[in-house]
Amino acid sequence: MMADHTHKVFGLGLSRTGTTSLGTALNRIGINTIHYPYDAVTQRELEMGSGTLSILNNYQAIVDISVVPFYRQLDRAYPGSRFILTVRDVTGWLTSVGKHLEKLAEIWESLDPQFRVFSKFIIERVYGSMKFDAAHFQAVYEAHLADVREYFRHRPADLLILNISDSDVWVHLCPFLGVPVPNEDFPRKHDSRESQVWLDTLAAVQTEIASVIPARSRFILVDQNALTDAMFDDRIVAPLVHGGMPANDKQAMTALECLKADG
């Protein structure tokens, strides 16, 4: 199935259910995956509700809660796609997501403005509030699992429910996606640590750019859609290739020459 890149893969697991591990695994088996896209274009397209996302011109899969509330629209917009619902013990999940939101609140003002705008939008859309309440979040978790199961009740081949902590994840994941089982361990990531590393990386990028690029200057950025113009204040970003990475060396060199000609 995955040989056809018109089909997409969507992770429907809530944050802290192994979404980082799933994204890493999908990339390792050749499915180009983005974890938690939060750019302004994606947000606007999600809010419009059509289910069509420009970012999927460059990626075959999206994981984490960026797309969780919109899986019905995505299913209609990308027929033949596959959906993966990651789950975990609800008690452990409540502890993890509570700590995550607490940490997010602590560093909130230091984060990329677009990251804050998108995160507020999507967290409130999924959970109803950015303020953690164990009873409410448990109800959301259980309702989400029930809704997804019901939606795919008559299409079991399109949904995989996956517990990342199981020992045989590859055995379930790879046949579901129609790809060979790799000869390596499943990449189990510690979500909270990975998220903190990513947030720290964003802050470091902002600091470094500010230290080497003068204000009101232009600079070339190659970032696989990971960053946003809003991070750089009055510095002007000139993406090497709009929408992602160059397809090959020739495209990269052509893009560089065009940017040089444009000053």
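The structure is a predicted model, in which local features need pLDDT of at least 70 and side-chain atom pairs count only at pLDDT 80 or more, while totals for chains, interfaces and linings use all residues. Residues are numbered from 1 along each chain as its sequence is written, and side-chain values use heavy atoms, with hydrogens and water left out. Helices (H or I, at least four residues) and strands (E, at least two) are DSSP runs numbered from the N terminus.

**Lys 8**

- Lys 8 sits in the segment before strand 1 (9–11).
- Its relative accessibility is 7%, so Lys 8 counts as buried (buried is under 20% relative accessible area, exposed over 50%, partly exposed in between, with a 1.4 Å probe and protein chains only).
- A polar atom of the Lys 8 side chain lies 3.3 Å from the backbone oxygen of Tyr 59.
- Leaving aside neighbours within four places in sequence, Lys 8 is in contact (heavy atoms within 4.5 Å) with Leu 56, Tyr 59, Gln 60, Tyr 78, Ser 81 and Arg 82.

**Salt bridges**

- The whole structure holds 8 salt bridges (a side-chain nitrogen of Lys or Arg within 4 Å of a carboxyl oxygen of Asp or Glu).
- One of them joins the side chains of Asp 158 and Arg 82, at 3.2 Å from N to O.
- Asp 158 lies in the loop between helix 6 (134–151) and strand 5 (159–163) and Arg 82 in strand 4 (residues 82–87), so this pair ties together parts 76 residues apart in sequence.
- Both Asp 158 and Arg 82 are buried.
- Lys 120 pairs with Glu 124 in a salt bridge whose closest N and O atoms are 3.1 Å apart; both residues lie in helix 5 (residues 113–127), 4 residues apart, about one turn of the helix.
- Lys 120 is partly exposed at 41% relative accessible area, and Glu 124 is partly exposed at 33%.
- Glu 150 and Arg 153 form a salt bridge with closest N and O atoms 3.2 Å apart.
- Salt bridges that share partners join Asp 75, Arg 82, Arg 155 and Asp 158 into one network.

**Helix 4 and helix 6**

- The axes of helix 4 (residues 90–107) and helix 6 come within 10 Å and cross at roughly 120 degrees (axes are lines fitted to C-alpha atoms, for helices over the stretch in contact, and angles run from 0 to 180 degrees between N-to-C directions).
- That makes helix 4 oblique to helix 6 (angles under 35 degrees count as roughly parallel, over 145 as roughly antiparallel, 65 to 115 as roughly perpendicular and the rest as oblique).
- Residues making the contact include Trp 93 and Leu 94 of helix 4 and Phe 137 and Tyr 141 of helix 6.

Definitions and conventions. A polar contact is a pair of N or O atoms within 3.5 Å; within protein, one must be able to donate a hydrogen and the other to accept it, and residues adjacent in sequence count only if both atoms are side-chain atoms.
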